[in-house]
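Take each task first, then follow the solution step by step.

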Amino acid sequence: MFNFVAMQVENDVKQMEEQFQAKIDADIRIEPRDWMPEKYRKTLIRQMSQHAHSEVVGMLPEANWITRAPSLRRKVALLAKVQDEAGHGLYLYSACETLGADREETIDDLHSGKAKYSSIFNYPTITWADIGAIGWLVDGAAIVNQVALQKTSYGPYARAMVKICKEESFHQRQGYEIITVLANGTPAQKAMAQDALNRWWWPSLMMFGPTDADSPNTQQSMAWRIKRHTNDELRQMFIDATVKQAEVAGLTIPDKDLKWNEERGHYDFGEIDWEEFYNVIKGNGPCNKQRIEARRKAKEEGMWVREAAMAYAEKQKSKVKAA
Amino acid sequence: MNKELYEYVLRMGDDSLILGQRLGEWCGHGPILEEDIALTNVALDILGQARILMDYAGKLTNKKEDEVAFLREEWDYKNVLLVEQPNGDFAKTILRQFFFDAFRLPFFKELQNSKDETLSGLALKAVKETTYHLQHSSNWVIRLGDGTDESHQRLKTALEELWMFTGELFYADEVDTKLVNEGIAVDLNKIKPIWDAKVSEVFAQAKLQIPEESWMQKGGRKGKHTEHLGFLLSEMQYMQRAYPGCEW
Ligand SMILES: [Fe+2]
Ligand SMILES: [Fe+2]
Ligand SMILES: [Fe+2]
């Protein structure tokens with residue numbers, strides 16, 4: 001009797017999985033209330049929360065320069081940009097919640113080091129040119145990733161991406177504009193721009209993650225259409241798009257192996273320092289500790305504020321009841 | 001050039017500039033993400049006002065907006081001491097904001113009638129923005145004051161630190177007198193009772209006592225500042241000082 005029930009359940013699950021895959025294959029969006037395999041849900045929560053964390057941690061290196069921005073116009077634009085990233089974070093945390101992930105817990109996982117975020121934000125912003133380089137390269141790389149995600153299989157994630165992509169491409173243009181102004185400025189300004197490109201280029205390429213050969217989850221994510229391109233494909237798209245921009249700005253990409261390959265119709269490029277990549281992921285980047293500490297501190301120091309707001313709301317509620 | 005007008009525009013513009021700079025320090029570090037965004041909204045509005053005023057001060061003296069904003073000496077900044085006070089904790093930031101917003105809203109309402117078109121135009125836009133700012137800061141003062149013991153205590157501490165800087169909001173001298181007569185400036189005597197009433201109203205809900213009559217600091221309008229401004233300026237001016245004459 002018991003075995004029969006178990007078998008029945010197993011059959012049902014199998015059937016549901018097949019139906020699920022059929023929907024995916026037909027490019028029908030999965031919505032929060034639809035049945036989905038547990039692993040699909042978990043993979044998505046992981047990816048979306050990582051994305052949300054990246055938006056929020058990513059505020060820090062740029063916020064560094066709000067008080068030092070070189071003109072009022074740049075100050076206002078940078079402030080607005082960092083605020084956009086906060087909005088992206090919020091939007092993505094909400095998308096995670098549609099899958100039953102508690103926002104508080106999700107954030108605690110970031111603070112405990114359990115959850116990851118984009119390794120790029122563990123590099124320091126040393127000069128003003130870094131603000132240009134981040135917009136140009138980091139937002140630029142994010143767009144390549146996210147344009148593909150506009151067609152991801154999970155509805156709320158895809159829709160979040162449509163909205164976010166518009167703003168990211170604005171950030172990218174703004175960053176590139178900062179860089180070109182520097183590149184066309186005084187020798188000191190141009191040197192600042194080149195220095196920033198030298199430091200941000202390789203970490204930007206690392207943003208797409210390990211090579212396909214070292215990316216074991218890619219296949220399943222592709223089958224579920226959570227991902228629509230492999231890491232290497234996306235990285236290549238980014239390089240192909242960016243080389244020209246560097247040329248136009250009159251800056252040199254710090255890769256002596258970078259060369260147009262007529263046959264492939266793509267740029268060949270040098271070896272990425274994967275040892276550095278894995279170390280930064282592991283927590284050994286120049287700013288990992290500093291970034292997490294800043295987020296943790298914001299949360300700890302905000303605790304009493306949140307408690308006060310809740311206590312006040314409680315009091316108001318009981319007043320209404322008493323009346 | 002109308003020397004008094006320039007002075008008046010600087011006073012108003014520096015209040016916005018310096019407070020906007022302070023609020024910008026919060027970005028990325030707010031107590032919750034939603035509040036991070038809200039504080040940044042306020043900062044953006046206030047810096048937008050600062051830009052209009054720096055630009056205007058520049059036009060009066062044949063300078064560029066950024067020259068006025070970044071390339072003055074400490075004694076040439078004319079903001080009230082209140083806005084240069086460090087952020088402290090969230091209670092201090094919010095209370096500072098509340099005192100300022102409660103001043104700025106009736107101030108801008110009056111300024112809408114200014115005969116100076118740049119100023120009346122600015123005021124028209126700023127009234128809308130400041131209405132929201134005051135709502136936001138009032139709500140938080142009430143929440144913190146009537147929230148937990150800790151939040152109430154923190155707000156009280158902030159009040160002890162900031163109260164002595166509130167009197168200067170109503171400082172007026174020959175600059176005001178002349179421009180009020182010309183129909184350009186706001187008569188601050190009209191603003192004070194409105195500010196008092198707002199503070200009483202919000203403090204009552206926040207269960208806070210208004211401090212007794214006490215000594216008030218002043219000096220900002222004449223360029224005499226607290227020690228805090230120098231540090232703020234060295235950060236804010238760094239790029240313009242290090243790379244003179246560049247485009248950004
Ligand atoms: Fe973003
Ligand atoms: Fe992003
Ligand atoms: Fe962005």
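**Exercise 1: the contact between the chains**

Find the salt bridge that B:D146 forms, and give its closest N and O distance.

Step 1. B:D146 pairs with A:K315, and their closest N and O atoms are 3.1 Å apart. A salt bridge here is a side-chain nitrogen of Lys or Arg within 4 Å of a carboxyl oxygen of Asp or Glu.

Step 2. Between chain A and chain B the count is 2 salt bridges.

Step 3. On the side of chain A that touches chain B, α12(A) gives the most, with 15 residues; helices are DSSP runs (H or I, at least four residues), numbered from the N terminus.

A word on the source: this is a predicted model, where local features need pLDDT of at least 70, side-chain atom pairs count only at pLDDT 80 or more, and totals for chains, interfaces and linings use all residues. Residues are numbered from 1 along each chain, chains are lettered from A and ligands numbered from 1 as written, and side-chain values use heavy atoms, without hydrogens and water.

**Exercise 2: an iron site**

Which residues coordinate the iron ion (ligand 3)?

Step 1. Look for donors (N, O and S atoms within 2.8 Å of the metal, or 3.2 Å for Na, K and Ca; water is not among the atoms, so sites may look incomplete). They come from A:E85, A:D139, A:E168 and A:H171, at 1.9 to 2.2 Å.

Step 2. A:E85 also bridges to the iron ion (ligand 1), 3.5 Å from the iron ion (ligand 3). A:E85 lies in helix α4 (residues 72-97) and A:H171 in helix α7 (residues 155-183) of chain A, so the pair ties together parts 86 residues apart in sequence.

Step 3. Both A:E85 and A:H171 are buried (under 20% relative accessible area, 1.4 Å probe, protein chains only).

Definitions and conventions
Helices (H or I, at least four residues) and strands (E, at least two) are DSSP runs, numbered from the N terminus. Buried means under 20% relative accessible area, exposed over 50%, partly exposed in between (1.4 Å probe, protein chains only).
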